[in-house]
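Biologist: I have not looked at this one before. Can you walk me through it?
Modeller: Here it is; ask as you go.

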Amino acid sequence: MTRIGIAGAGAFGVALAVALAQAGRAVTLWGRDTAGIEALRTRRESPRLNGVILPETVSVTAEIGEMAACGPVLLAVPMQALSGLLTQHGAALDGRTLVACCKGVDLATGRGPSALIAEACPGTTPAVLTGPSFAADIARGLPTALTLACADAETGARLQERLSTPALRLYRSLDVIGAELGGALKNVMAIASGIVIGSGLGESARAALITRGFAEMQRFARAYGAEPETLAGLSGFGDLVLTCTSAQSRNFRYGAALGEGAYFDPQITVEGAATARAVAAIAKARGIDMPVTQSVAHVIDGRRSIQEAVKILLSRPLKEE
Ligand SMILES: NC(=O)C1=CN([C@@H]2O[C@H](COP(=O)(O)OP(=O)(O)OC[C@H]3O[C@@H](n4cnc5c(N)ncnc54)[C@H](OP(=O)(O)O)[C@@H]3O)[C@@H](O)[C@H]2O)C=CC1
Ligand SMILES: O=C(CO)COP(=O)(O)O
């Protein structure tokens, strides 16, 4: 049986390991933190996913070399950590089929996960696994549907087969750039949505934000050659709806804390923050109209208050939908 590797033992990596192992797949889960990995190996429970027990059949390791025995390797680290992971371990991972599970745009280079993988590991065909799914839901075996995007149809079909389970349903796509941009941009909108709710602007305003945010996502993705259908699918619209409307979303909760003026633990992974900065800079340089993203970037960097940002958004010229 082909062993599936998972690099990154955070909430998503652990959840995927649980789901795949429960479906009878052989799984090796790698993490960088030797002490944390030792604790996970013995206790079978991660502090990032309380109440979820990792099946005994999941092999847990801090030895990256063990990924060499795996067929596909799922890269489940935050987007801003991907480049470092590939720099450090690219040689050990090259030649595997690498599936990016991270959502975002690299702040240093303005690139998405598939481009970073292609550069660091030229011997692999990168794929992307993305879409609406909270780690806790996947780990509990709740029904979930995701997009598996790979430019190579054969590799994509093989991955779809290997990574689908009775509860985790993968839809195939050839549009890697569309899938990864949908996942990256929806996190920015989730922060904006949290800000709207946290600052008391109301649910009607949130619906307007989600809709106009979606238009903005499509505009940006189109400029990169993405298919409009991809943005309308699970990895775009699906994940946008989930994260803009659920307090389970860390991006939404971060935005809500900003809106309420409340404390937010900086240790919590909030992918949309760096991505807002990266996308705002690219959009400005390329002349792509991204008012919501620009506002989020300004607010999180303290260059604009929420009140100023809202005033500017509401005073934009009236136009056709
Ligand atoms: N959680 C969720 O519900 C979902 C998450 N995702 C995506 O999955 C990605 C990972 O998120 P998630 O698992 O939730 O994040 P977490 O914050 O739960 O965990 C991040 C993990 O990445 C590890 N890590 C960080 N930097 C490196 C590095 N340089 N090398 C190796 N490991 C590293 C951390 O290790 P350490 O503990 O040592 O810091 C930690 O185990 C994100 O892009 C997210 O958008 C997608 C769908 C759902
Ligand atoms: O991507 C996710 C759900 O699809 C998880 O969202 P958060 O990172 O906002 O928690």
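This is a predicted model: local features need pLDDT of at least 70, side-chain atom pairs count only at pLDDT 80 or more; totals for chains, interfaces and linings use all residues.

Biologist: Which residues of domain 1 lose the most area to domain 2?
Modeller: Lys103, Pro132 and Phe134 do, and together they make up 38% of what the domain 1 side buries.

Biologist: Back up a bit. Where do the domains run?
Modeller: The domain assignment puts domain 1 at 4–174 and domain 2 at 184–315. The C-alpha centres of domain 1 and domain 2 are 25 Å apart.

Biologist: And how many residues of each are in contact with the other?
Modeller: On the domain 1 side 22 residues are in contact with domain 2, where 21 residues take part.

Biologist: How many salt bridges does the rule find across that interface?
Modeller: One salt bridge is found between domain 1 and domain 2. Lysine 103 pairs with aspartate 239 in a salt bridge, and their closest N and O atoms are 2.6 Å apart.

Biologist: Why would side chains like that pair?
Modeller: Side chains of opposite charge can pair when their charged atoms come close.

Biologist: Which elements supply at least two residues of the domain 1 side?
Modeller: Those are α3 (79–93), α5 (135–139), β7 (144–150) and β8 (168–173). Strand β7 gives the most to that side, with three residues.

Biologist: What is the side of domain 1 that touches domain 2 like by class?
Modeller: It has eleven nonpolar, eight polar and three charged residues.

Biologist: On to the ligands. Which residues are closest to ligand 2?
Modeller: Of the 13 residues that surround ligand 2, the closest are Lys103, Asp239, Ser249, Arg250 and Asn251.

Biologist: Lys103 and Asp239 again. How far is ligand 2 from the side chain of lysine 103?
Modeller: An oxygen atom of ligand 2 lies 2.7 Å from an N or O atom in the lysine 103 side chain. For the side chain of aspartate 239, the distance from an N or O atom to a ligand 2 oxygen atom is 2.6 Å. Glycine 131 has a polar backbone atom 3.2 Å from an oxygen atom of ligand 2.

Biologist: What about ligand 1, which residues come nearest?
Modeller: Arg48, Ala135, Arg250, Thr269 and Glu271 do, out of 22 residues around ligand 1. A polar backbone atom of alanine 135 is 2.8 Å from an oxygen atom of ligand 1.

Biologist: Where does arginine 32 sit relative to ligand 1?
Modeller: A polar side-chain atom of arginine 32 is 2.9 Å from a ligand 1 oxygen atom. Phenylalanine 12 has a backbone N or O atom 2.9 Å from an oxygen atom of ligand 1.

Biologist: Last topic. How many salt bridges does the count come to?
Modeller: The count comes to nine. One is between glutamate 38 and arginine 41, with the closest N and O atoms 2.5 Å apart. Glutamate 38 and arginine 41 are three residues apart in helix α2 (residues 34–43), about one turn of the helix.

Technical notes. Residues are numbered from 1 along each chain as its sequence is written. Chains are lettered from A and ligands numbered from 1 in the order in which they are written. Side-chain values use heavy atoms; hydrogens and water are left out. Domain bounds come from an automatic or database domain assignment. Contact means heavy atoms within 4.5 Å. Buried area is the accessible area (1.4 Å probe) that two parts lose on being put together, summed over both. A salt bridge is a side-chain nitrogen of Lys or Arg within 4 Å of a carboxyl oxygen of Asp or Glu. Helices (H or I, at least four residues) and strands (E, at least two) are DSSP runs, numbered from the N terminus. Ala, Val, Leu, Ile, Met, Phe, Trp, Tyr, Cys and Pro count as nonpolar, Asp, Glu, Lys and Arg as charged, and the others, Gly among them, as polar. A residue is near a molecule or strand if one of its heavy atoms lies within 4 Å of it. A polar contact is a pair of N or O atoms within 3.5 Å; within protein, one must be able to donate a hydrogen and the other to accept it, and residues adjacent in sequence count only if both atoms are side-chain atoms.
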